[in-house]
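Reader: I would like to go through this model term by term. Please give the cut-off behind each label.

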Amino acid sequence: MLKPTVGPIIGHTTTHQTRIFLRGGWHKDAEVYTAIRYRRAGEEHWGKGTFSPLTKTCDGAAVIALQDLAADTEYEYQAGWFKSLNTTPTEKPLPDRPLQWPPTLYRFRTQSSETTIPRAYIVGSCRYLQMTAGVPWAPYLGDRIFASINNLARHATPPISAVLMTGDQVYVDDLNFIAPDREYDDILAKYRAAFSQPHIATLMSGTPTYMILDDHEIEDNWPANKNKGDEHLYNNAMKAYELYQASHGPACPLDGFGRPMARYWYQFSHGDIEWFVTDSRTRRNLATNDRRILDIEQEQALCDWLINSQARVKFVVTSVMFYPDRIRLGDDAWKAFPAQRLRLLEAIRTHKIRNVIFVSGDVHGSLTSRLTHSKDPDFEVHTIVSSPLCNSKLLPYAKASTFILDQPLARTVAGDYRHELTGGVISQDNFAHVIVDTRQIHVRYHDRNGKLLQSTRIHLR
């Protein structure tokens with residue numbers, strides 16, 4: 001067997017199952033399979049291997065779901081791919097000879113079934129990796145921060161439950177001003193390069209990783225910058241996104257790998273902590289009479305979840321900033337969709353929903369902020385912004401003067417929505433370590449070397 005060419009990536013993981021993405025290869029004259037075998041950590045004997053066929057259509061990649069696992073249990077596994085000697089497809093993808101498994105041993109842990117235990121997350125976005133003529137330029141620059149994340153994860157208490165990558169995991173448009181990538185094979189090459197760098201590969205092979213796209217997975221400020229003929233670019237970009245980012249997440253049915261997906265937004269939960277990951281990029285309506293950053297179905301699902309969920313803490317991921325607004329370039333975020341934003345805020349306020357945290361990236365700066373209401377002392381919402389994991393030298397970092405901080409976010413007959421920063425604006429490469437305990441959320445920002453930059457507490461109610 002050969003080692004995976006990309007992955008393995010641990011995706012959506014519950015108390016009893018996990019999804020594992022890995023890419024091998026293909027061969028036109030032979031059946032090709034990927035395989036995983038696993039066991040509880042410390043056990044001697046391996047379970048029977050799980051196999052999946054690989055095809056060129058899916059770039060030689062597959063997602064394997066491991067079922068009937070035990071809760072809060074560490075497993076170790078091996079993964080690889082091989083060519084079968086069979087010349088015609090078989091009903092069961094079984095090897096026709098003993099397999100020599102690649103020696104690398106990976107580990108993951110299933111989620112705990114306990115409801116109220118403290119949990120921790122890593123949040124980050126905007127990881128720039130430039131490709132020139134199909135070759136990554138100085139890839140270690142975009143990978144070194146993941147070495148620090150790995151080091152933190154090895155020693156973290158409580159353990160890291162998941163990594164949230166909230167947008168711009170790849171920059172399809174990194175050379176738009178010279179030679180923009182539009183073809184499927186070119187976009188796939190960027191994903192292969194981005195996800196196969198050593199430190200990010202180590203992180204994703206052992207920690208559940210959840211992803212959602214932003215504009216650079218397609219084109220800067222999509223769809224406002226959409227031009228004639230860009231439908232070809234969009235279709236190719238979304239096929240690649242579905243393959244490398246969405247396939248191992250909750251939005252993709254287990255039997256739907258390689259098929260067009262109906263939607264990209266999704267939910268998942270860890271005990272009394274729940275996450276709603278929105279697609280704030282591909283379902284926008286820019287018409288002046290009904291501007292929407294979320295489509296009707298998604299807005300309704302989000303509101304229903306906010307109102308009806310019994311979760312103690314509700315995280316809402318939106319790749320672009322919910323608030324505060326930027327002075328310039330704000331029309332790509334929620335600032336340009338004030339009516340829909342106000343509907344969500346009013347739903348939270350009028351239904352007295354507590355402990356709602358909006359999680360964003362995008363702006364190449366990190367911050368925490370608190371939103372209150374001038375007439376309703378029970379209303380309080382927070383935001384956590386974490387960006388970038390690796391900036392481009394061509395792009396500036398955000399700072400406090402980037403944002404509108406001296407006026408209400410929204411004015412209504414019932415009162416004003418007012419916000420304030422609860423820490424400084426971080427203007428360098430960083431990631432967020434978010435710990436949720438019984439009384440508060442600790443938000444700790446670290447630089448690319450792992451040094452603590454800033455710590456903020458959000459008190460739960």
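Author: Val381 is buried, at a relative accessible area of 0%. This is a predicted model, in which local features need pLDDT of at least 70, side-chain atom pairs count only at pLDDT 80 or more, and totals for chains, interfaces and linings use all residues. Residues are numbered from 1 along each chain as its sequence is written, and side-chain values use heavy atoms, with hydrogens and water left out.

Reader: Why is Val381 called buried?

Author: Buried means under 20% relative accessible area, exposed over 50%, and partly exposed in between (1.4 Å probe, protein chains only). Val381 has 0%, so the label is buried.

Reader: Where is Val381 placed, and what is it in contact with?

Author: Val381 is in strand β18, residues 380-385. Strands (E, at least two residues) and helices (H or I, at least four) are DSSP runs, numbered from the N terminus. Contact means heavy atoms within 4.5 Å. Setting aside neighbours within four places in sequence, the contacts of Val381 include Tyr323, Ile348, Val356 and Phe358.

Reader: What makes Arg107 and Glu76 a salt bridge?

Author: A salt bridge is a side-chain nitrogen of Lys or Arg within 4 Å of a carboxyl oxygen of Asp or Glu. The closest N and O atoms of Arg107 and Glu76 are 3.3 Å apart, so the pair qualifies. Arg107 lies in strand β7 and Glu76 in strand β6 (residues 74-83), so the pair ties together parts 31 residues apart in sequence. Arg107 is partly exposed at 40%, whereas Glu76 is buried at 4%. The structure holds 24 salt bridges.

Reader: Which parts does the salt bridge of Asp214 and Arg281 tie together, and are the two residues buried or exposed?

Author: Their closest N and O atoms are 2.8 Å apart. Asp214 lies in the loop between β12 (209-211) and α4 (230-246), and Arg281 in the loop between β14 (273-277) and α5 (296-308). The pair ties together parts 67 residues apart in sequence. Asp214 is buried at 0%, and Arg281 also counts as buried at 0%. Salt bridges that share partners join Asp214, Arg281, Arg284 and Asp332 into one network.

Reader: How is the lining of the second largest pocket divided by class?

Author: The lining has 11 nonpolar, nine polar and six charged residues. Ala, Val, Leu, Ile, Met, Phe, Trp, Tyr, Cys and Pro count as nonpolar, Asp, Glu, Lys and Arg as charged, and the others, Gly among them, as polar. Of the 26 lining residues, Arg109, Pro159, Ile160, Gly206 and Thr207 lie nearest the centre of this pocket.

Reader: What makes a space a pocket?

Author: On a 1 Å grid over the protein atoms alone, a pocket is an open set of points where a 1.4 Å probe fits, with protein on both sides within 12 Å along at least five of seven lines; lining residues have an atom within 4 Å of a point.
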